[in-house]
Amino acid sequence: SSPSWSEIDAIFESACRQCHGAKQWDLNPLTRESLVGQPSQQVDRMLVRPYDAPDSYLMHKLLWDYPDRRGSAQPPPWSEEGGDELPTSQLRMIERWIEAGAPP
């Protein structure tokens, strides 16, 4: 079965929200509402285009070898996470969630 938002949210909570939840950074809070169907501020692409992971800018930011990205891949080298790419299992889960239509 496809991952639920709560599973995706847990990844963001553990790996991303130290910065994305900090007021001083003014970054996307990585909520479902702030991602699904929302335009990127960096490129002409939706952050999460349901059923279309390759055209979702979130994947371009998370997968270090995706080509279409402005700025650094996430998490950045200076982050508290040490700048390591998310584990493949988590990247695949996010991809499967988008491909399933980004369900709640």
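Modeller: Contact here means heavy atoms within 4.5 Å. Keep that cut-off in mind as we walk through this predicted model.

Colleague: Happy to. What covers the buried residues of helix 1?

Modeller: The cover includes helix 2, helix 3, helix 4 and helix 5 (88–99). By the cut-off, covering involves heavy atoms within 4.5 Å.

Colleague: And which residues of helix 1 are called buried, and why?

Modeller: They are Trp5, Ile8, Ile11, Phe12 and Ala15. Buried means under 20% relative accessible area, so these five residues fall under that limit.

Colleague: What puts them on the same side of helix 1?

Modeller: Their arc around the axis is only 120 degrees, and therefore they share one side of helix 1.

Colleague: Let's step back to the whole chain. What radius of gyration would a compact globule with 104 residues have, and what does the protein have?

Modeller: The globule value is near 13 Å and the protein has 13 Å, so the two agree. Along the principal axes, the C-alpha trace spans about 35 × 25 × 25 Å. Of the 104 residues, 41% count as buried.

Colleague: Why is Leu30 called buried?

Modeller: Its relative accessible area is 7%. Since the limit is under 20%, Leu30 counts as buried. Leu30 is found in the loop between helix 2 and helix 3, and its phi is near 60 degrees, a positive value in a residue other than glycine.

Colleague: What makes Ala102 buried?

Modeller: Ala102 has 0% relative accessibility, which is under 20%, so Ala102 is buried. Ala102 lies in the segment after helix 5, with a positive phi near 55 degrees.

Colleague: How do you know whether the peptide bond from Gln74 to Pro75 is cis or trans?

Modeller: Look at omega: the value is near -5 degrees, and the bond is cis. Pro75 sits in the loop between helix 4 and helix 5.

Colleague: Gln74 brings me to the largest pocket. Which residues lie nearest its centre?

Modeller: His20, Leu27, Asn28, Lys61 and Gln74, out of 30 lining residues. The volume of this pocket is about 650 Å³.

Colleague: How does the lining divide, and which helix gives the most?

Modeller: The lining has 16 nonpolar, 11 polar and three charged residues. Helix 4 gives the most, with four residues, while helix 1, helix 2, helix 3 and helix 4 each supply at least two.

Notes:
Residues are numbered from 1 along each chain as its sequence is written. This is a predicted model: local features need pLDDT of at least 70, side-chain atom pairs count only at pLDDT 80 or more; totals for chains, interfaces and linings use all residues. Side-chain values use heavy atoms; hydrogens and water are left out. On a 1 Å grid over the protein atoms alone, a cavity is a set of points where a 1.4 Å probe fits but cannot get out, and a pocket is an open set with protein on both sides within 12 Å along at least five of seven lines; lining residues have an atom within 4 Å of a point. Grid points are joined across faces, edges and corners, and a volume is the space filled by probe spheres set on the points. Ala, Val, Leu, Ile, Met, Phe, Trp, Tyr, Cys and Pro count as nonpolar, Asp, Glu, Lys and Arg as charged, and the others, Gly among them, as polar. Buried means under 20% relative accessible area, exposed over 50%, partly exposed in between (1.4 Å probe, protein chains only). The arc is that of the directions from the helix axis to the C-beta atoms. The radius of gyration is taken over C-alpha atoms; the globule rule is 2.2 Å times the number of residues to the power 0.38.
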